[in-house]
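Keep the viewer open as you read.

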Amino acid sequence: MSDINIQVPILARVEGEGALDLSIRDGSIHSLKLKIFEPPRLFEKFLVGRHADELPDLVARICGICPVAYQMSAVHAIESLADFKRPAWLHDLRRLFYCGEWIESHSLHIHLLAAPDFLGFSNVIDMAKEHPEAVNRGLTLQAIGNDIIRTLGARSVHPVGVKMGGFHQLPSQQSLNTLLSSIEKSIPAAEALLTWCISLDRPHYESTLPSVSLSSHGEYPINQGNIIHLRGLTSRLKTMKSTFKKTKWHIQPHSTLT
Amino acid sequence: MIIFKQEKPTLAIHKFTSCDGCQLALLNLGPDLLELAKLVDIKHFAEAGIVASEESVDIALIEGSISTRSEQQRIQRIRQTSKYVIALGACATSGGIQALRNISNAEAWLASLYPDTSVLDSLTTSTPIEESVRVDFTLRGCPVSCQQLIDFLLQLTQKIKPKPIDHSVCQDCKRNQTSCVMVTKQIPCMGPVTQAGCNALCPRINRGCFGCYGPTKQANTVALAKQFKNLGMSDKDIKNSFLHINSHSSAFSTAANSINEDDSSHE
C-alpha cells in the first residue's frame with residue numbers, strides 16, 4: 001500500500017485558523033497533527049491593572065464571533081467578587097443576550113462551515129446554487145441571533161451594552177416587542193433546521209477524550225453552573241483550576257492552562 | 001484611477017493576528033452576501049469556507065496585525081499578488097488591542113505565560129499592515145461595520161476612489177440628535193477625538209465612546225485629557241483611555257505619553 005501525505009495549510013471548516021498534517025504509512029496513521037492556532041495576543045497580561053469597568057470592552061476582542069461569551073464571563077467574575085446577586089430580570093436578559101450569540105454563531109457554523117462538506121460542495125456560495133432554501137434559512141436565523149445581540153448591545157460584533165451590574169441602557173418595550181415577534185416568526189425555520197440537520201448523513205463516532213461541560217439545574221447551562229465531566233468529576237467554578245490540576249491530564253507546552 | 005485585472009474584480013480576505021470580527025462585516029450581510037458574490041469574484045475567504053490563499057487578486061482585504069515572523073513573510077507575498085491592499089479594522093490599521101505589548105516588556109509577558117516559548121512564533125510587537133507593506137486604502141473600526149465595508153466595496157467596484165471617513169464621533173451625535181453624554185451627564189467620552197464610522201453607538205446607549213475607530217484628524221487630545229481630569233478621572237485612567245484598542249496610533253500614544261501619572265501640578 002502506498003504512503004499518503006496530506007498537508008492542509010488552511011482548514012476552512014474551523015472558526016479562526018486551523019491546519020492539518022496527516023501521514024499514512026503501510027495503511028496506518030504514522031502522524032496526525034490538527035493545529036488550531038492564533039498568535040498569542042496576551043490578554044492575560046494587558047488586562048492586569050485595568051479598571052474593572054473596562055473589562056467588557058477589552059475581553060470582547062478575544063473573539064469577534066463569540067464576544068458575548070467573554071463579556072459574560074468577565075462581568076460575572078467581577079460581580080461574584082463583589083458578592084453581587086443578579087436579580088431575575090438581569091439573569092433573563094443576559095441569558096437572552098447570550099442565546100442571541102449562540103443562534104448567530106451556530107447558524108454561521110452549520111451553514112457556512114459544516115453543511116457544504118456534508119452535501120459535497122466546496123463552499124456555501126456553491127451550495128446556495130442547489131440548496132438556496134437551506135442557505136437562506138441559515139442566514140435568516142443568523143440574522144435573528146444578531147438582532148437579539150443588537151437589541152441589548154447596540155451592535156452584533158463587539159456589542160457595547162454590557163456593564164458591571166447590568167446594562168448601560170435597557171431596550172425599550174417597543175424594540176423588545178418587535179424582537180419578540182420576529183423570533184416567534186422564525187420558530188418554524190428553527191424547527192425545519194433541526195429536522196434538516198438530523199437528516200444529514202453523519203459518520204458514527206464515539207470519543208474517549210475527556211470532555212467537560214457546565215451543568216445547571218433547571219436550565220440549559222450557558223451563564224452559570226458547575227463544571228462536570230463524564231467520569232464523575234464535578235467542580236465549582238471557583239475551584240476549577242485546582243480540580244483540573246488534580247486530574248493530571250496532559251497539558252501541552254504551548255498551553256497557558258498551567 | 002481604479003483599474004482591475006478582471007472585469008469582475010476578484011477579492012481575497014486574509015486573516016492575520018485578530019479576533020475574526022471584521023470578517024463578520026461580510027458574513028453578517030445575510031442574503032446580501034450572495035448579492036456581493038455577484039459583484040465580486042470571491043477567491044479566498046477561509047472563514048466562509050473558500051480557500052485559495054496564494055491566488056493573485058484585484059482586492060485584498062487584510063484583517064489583523066503583524067505579530068509573528070510568518071505573518072511578516074505572508075503579508076509580503078500578498079502585496080505582490082494583490083492590486084489593491086486594504087487594511088480592514090483596528091488591528092490592520094493600528095496594531096489593535098494586542099499592540100499594548102509594544103509599550104510593555106512583551107518578552108517577559110510571553111515567558112510568564114507559556115511554559116516553553118521556543119514553540120511559539122511571536123514577535124514582541126504587534127504592528128499595522130502599513131508598517132510592513134504599502135497599503136492602498138484603510139477602513140478603521142473595531143469592528144468595521146457592514147455598512148462601512150459595503151459602501152467601500154460598492155465605490156471601489158464602480159471604479160470610484162472610495163471617500164475616506166474623516167469626521168469625529170461628536171459630529172455623528174449631533175446628526176443623530178443624541179445629547180452629549182459628557183456635557184449633560186458628565187460621562188467621560190472619547191467622541192471628540194475619535195473617528196466616526198460606528199454611527200456614534202455608545203453615546204446613544206448612555207455611555208461614553210471608548211475610541212474603537214482610532215484618532216480622528218486634528219484630534220485635540222490635550223483638551224480632552226484636561227476635560228477628563230475635570231470630570232474627576234485619575235491620571236492612570238486618563239492614560240488608559242488612550243492606551244486602549246488603538247494604543248499604537250500616534251495621536252493616542254502621544255496623548256498617553258504626555259500624561260505624567262505622578263504629576264498633577266499643571267492642573
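This is a predicted model: local features need pLDDT of at least 70, side-chain atom pairs count only at pLDDT 80 or more; totals for chains, interfaces and linings use all residues.

## Chain A and its domains

Of its 258 residues, 40% count as buried. If you take the contacts in chain A between residues at least 6 apart in sequence, 48% of them join residues at least 24 apart.

Chain A is divided into domain 1 (4-36), domain 2 (43-199) and domain 3 (212-247). Back to domain 1 and domain 2 of chain A: their C-alpha centres lie 31 Å apart, and 4 residues of domain 1 are in contact with 9 residues of domain 2. Between them, these two domains of chain A bury about 520 Å², with 41% of that on carbon and sulfur atoms. On the domain 1 side, Ala12(A), Arg13(A) and Glu15(A) lose the most area to domain 2 of chain A, and together they make up 96% of what that side buries.

## Where the two chains meet

Now for the contact between chain B and chain A. The size of an interface is often given as the accessible area lost when the parts come together. For chain B and chain A that comes to about 4,800 Å², 65% of it on carbon and sulfur atoms. The contact takes 59 residues from chain B and 53 residues from chain A.

What about polar links? Across the interface of chain B and chain A there are 16 residue pairs in polar contact, both residues of each pair being at pLDDT 80 or more. Several elements of chain B each supply at least two residues of the side that touches chain A, including helix H1 (24-27), helix H2 (31-39), strand E2 (41-45) and helix H3 (69-81). The element that gives the most to that side is H5(B), with 4 residues.

The salt bridge count between chain B and chain A is 2. In one salt bridge, the side chains of Glu38(A) and Lys15(B) meet at 2.8 Å, N to O. Glu38(A) and Lys15(B) also belong to a network of salt bridges that takes in Asp20(B).

## Charged pairs, buried and exposed

Over all chains, the structure holds 19 salt bridges. Side chains of opposite charge can pair when their charged atoms come close. Is the pair Arg50(A) and Glu54(A) buried or exposed? Both residues are buried, and they form a salt bridge whose closest N and O atoms are 2.8 Å apart.

In chain B, Glu35(B) and Lys38(B) meet in a salt bridge at 2.9 Å, N to O. The two residues are 3 apart in helix H2 of chain B, so about one helical turn separates them. Glu35(B) is partly exposed, with a relative accessible area of 44%, while Lys38(B) counts as exposed at 58%. Another pair in chain B is Asp41(B) and Lys43(B), whose side chains meet in a salt bridge at 3.4 Å, N to O. Asp41(B) counts as partly exposed at 28% relative accessibility, and Lys43(B) is partly exposed too, with a relative accessible area of 25%.

## A two-faced helix in chain B

Last stop: helix H7 (residues 169-176) of chain B. Its buried residues are Val169(B), Asp172(B) and Cys173(B). Looking down the axis of H7(B), you'll see these buried residues fall within an arc of 105°, so they line one face of the helix. They pack against helix H9 (201-204) of chain B.

Which exposed residues sit on the face of H7(B) turned away from its buried side? That face carries Lys174(B) and Arg175(B). After H7(B) comes Gln177(B), which has a positive phi, near 60°.

How values were computed:
Residues are numbered from 1 along each chain as its sequence is written. Chains are lettered from A and ligands numbered from 1 in the order in which they are written. Side-chain values use heavy atoms; hydrogens and water are left out. Buried means under 20% relative accessible area, exposed over 50%, partly exposed in between (1.4 Å probe, protein chains only). The arc is that of the directions from the helix axis to the C-beta atoms. Contact means heavy atoms within 4.5 Å. Domain bounds come from an automatic or database domain assignment. Buried area is the accessible area (1.4 Å probe) that two parts lose on being put together, summed over both. A salt bridge is a side-chain nitrogen of Lys or Arg within 4 Å of a carboxyl oxygen of Asp or Glu. A polar contact is a pair of N or O atoms within 3.5 Å; within protein, one must be able to donate a hydrogen and the other to accept it, and residues adjacent in sequence count only if both atoms are side-chain atoms.
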